[in-house]
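Have the viewer open as you read.

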Amino acid sequence: MVAPVSTTWLDPFLEGWRPGTGDPLEDREPATDLHLLTIPASTPDDVARAAAAAAAAQPAWAETSYQERARILRRAADIYDAHREEFGAWTMRETGAVHSKMHHEQNFAYQEVLNAATLPSQPYGSLMPTAQKGRLSMVRRVPVGVVGAITPWNSPTVLGMRVVAPALALGNAVVLKPDPQTPVAGGAIFAAVFAEAGLPYGLLQIVVGGADVGEAIVTDPNVSLVAFTGSTAAGRRVGQLAGGLLKKVSLELGGNNAFVVLEDADLEAAASAGAFSSFQFQGQVCFAAGRHIVHRRVAGAYVDALTAKAKRLRLGDPYREDVQLGPIVNAKQLARVDGIVQRSVAGGARLVEGGTYEGLFYRPTVLADVTTDSPAWTDEIFGPVAPVTTFETDDEAIALANASEYGLVAAIYTRSTSRGLALANRIKAGMIHVNDGTLNDEAIIPFGGMGASGNGSRFGGEANFDTFTEWQWVTVRDEPPSFPF
Ligand code: NAD
């Protein structure tokens, strides 16, 4: 039994928190259906006001010294660190995350803001050679202005922080919209932490609502960059809207990630990583292992090991009980996951384990003999399901891994690292791990995917400059040149 964490620091902030002027929005706990909070949702008019206030505050912030911007971010990191248990409790209650997932997210969000605090002191341009005598020529990066950040419910704090912290560090203002299922872990925490850190008024605006509020952000004339994380379907719509308005847009979208097990792999290690990559947080992460591609010679033993692990996992309320898996986030998503499993079984996949549920709690599921036209193979499931198929040659493994419109992450298990690297060279994915699971990230790494997993943008590390600034060429000369006119 895990003792519930008492919440204190955020409570006074939440009592007065009014993120919008719209209809009441109820925040509920998926594991118990308990009511957590009711707040007024934002409307498109609220978005317009928020974006205007952000745009008004941004120029002075861009001119604020690099030391001062870094100081506020470091202070935000300290405040975040001091209250991470309380923030983690909100993450568990709003999303159904288990302790290990919550701790990972808290630590990662903290690393994001710490790392962002180093950005203001980085060089931000170059002195350029020039063909013109007597001219000083430089290229420099300037803030984009107002960043519209739209985030999903599944890792609300870290996915918000990886945009908010670097965007602010590099001189931008931010309008942040979390998913309506996570208004606190994805929204209120940010407002409270950065206000306490001394961020000047106006620079961070939180709005809460659904797709209509998101689209109002995308189309608002004061928003120059849309930083969207979510499903590929919604990302396509956001990309179309932003493209029509010629806006910069960063899309971090879905995945259906390959987990390749070669015949020389340490099978126990591979099954452990495969189970964690498919079942952690009920499979509700973009970088979950969605397709287990296993050499025919070891497939039986691998499926047995995966099944043994799935059988042992305890399900329950992650906030109050010592469990390894929590609930699926809502009934609609549960029906979707179960529909994919049942249709795949009807189409010939072998149900080895799971495929059942009680309430929102879906048993970890192993499907073997999955064909490549099965929905469990083609779709991003976003549930605790491990579909397995087999191959005989490395070329077949590569062809299976690449036979997806997505290209977020892949993992390869083999005792030969050179063979693993040779396969990695041929896989189409933004991130590839040899002898490790698919759930991997670090704040200093450019995170993102290929194909339908995004539009080529990245968050993290040096990519933050590419995403949150624009190039500007500036020349200066004492003597104006003469012109023929
Ligand atoms: P979603 O696309 O339904 O929602 C994401 C966010 O977009 C929410 O805030 C939602 O309100 C908003 N939204 C929805 N439609 C919109 C529209 N037309 N215009 C503007 N905003 C809109 O995604 P979800 O179900 O909440 O999250 C799960 C998805 O996110 C999965 O596909 C997962 O793979 C993906 N994801 C990707 C990453 C990554 O870094 N690549 C990380 C986490 C999750």
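The report below goes through a sheet, a helix and its cover, a hairpin and a helix pair.

## Ground rules

This is a predicted model, in which local features need pLDDT of at least 70 and side-chain atom pairs count only at pLDDT 80 or more, while totals for chains, interfaces and linings use all residues. Residues are numbered from 1 along each chain as its sequence is written, and side-chain values use heavy atoms, leaving out hydrogens and water.

Helices (H or I, at least four residues) and strands (E, at least two) are DSSP runs, numbered from the N terminus.

## The seven-stranded sheet

Let's begin with an open sheet of seven strands, ordered β12-β15-β16-β11-β10-β18-β19, whose pairing is mixed; two strands pair if DSSP finds at least two bridges between them. At the edges sit β12 (350–353) and β19 (431–434), each pairing on one side only. From one strand to the next, the twist averages 20 degrees; angles run from 0 to 180 degrees between N-to-C directions, and axes are lines fitted to C-alpha atoms, for helices over the stretch in contact.

Within this sheet, β15 (residues 365–368) pairs with β16 in the parallel sense over three bridges. Leu-367 stands opposite Pro-387 of β16. Helix α12 (residues 331–346) packs on the sheet and touches β12, β15 and β16, and its direction makes about 30 degrees with that of β15. Contact here means heavy atoms within 4.5 Å.

## Helix α14 and its cover

Which residues of α14 (residues 394–402) are buried? They are Ala-397, Ile-398, Leu-400 and Ala-401, where buried means under 20% relative accessible area, with a 1.4 Å probe and protein chains only. These residues lie on the same side of α14, because they cover an arc of only 165 degrees around the axis; the arc is that of the directions from the helix axis to the C-beta atoms.

Their cover includes β10 (257–261), β11 (289–295), β16 (385–391) and α15 (417–424).

## A hairpin

Strands β1 (residues 24–28) and β2 (residues 35–40) run antiparallel and are joined by five bridges. Glu-26 has Thr-38 of β2 as its bridge partner. The two strands form a hairpin with six residues between them, and Asp-33 in the turn has a positive phi of about 65 degrees.

## Two helices packed together

Helix α3 (residues 66–82) packs against α7 (residues 184–196) at an angle of about 125 degrees, their axes 8 Å apart. That angle makes α3 oblique to α7; under 35 degrees counts as roughly parallel, over 145 as roughly antiparallel, 65 to 115 as roughly perpendicular and the rest as oblique. Among the residues making the contact are Leu-73 and Ile-79 of α3, and Val-193 and Phe-194 of α7.

How values were computed. Buried means under 20% relative accessible area, exposed over 50%, partly exposed in between (1.4 Å probe, protein chains only).
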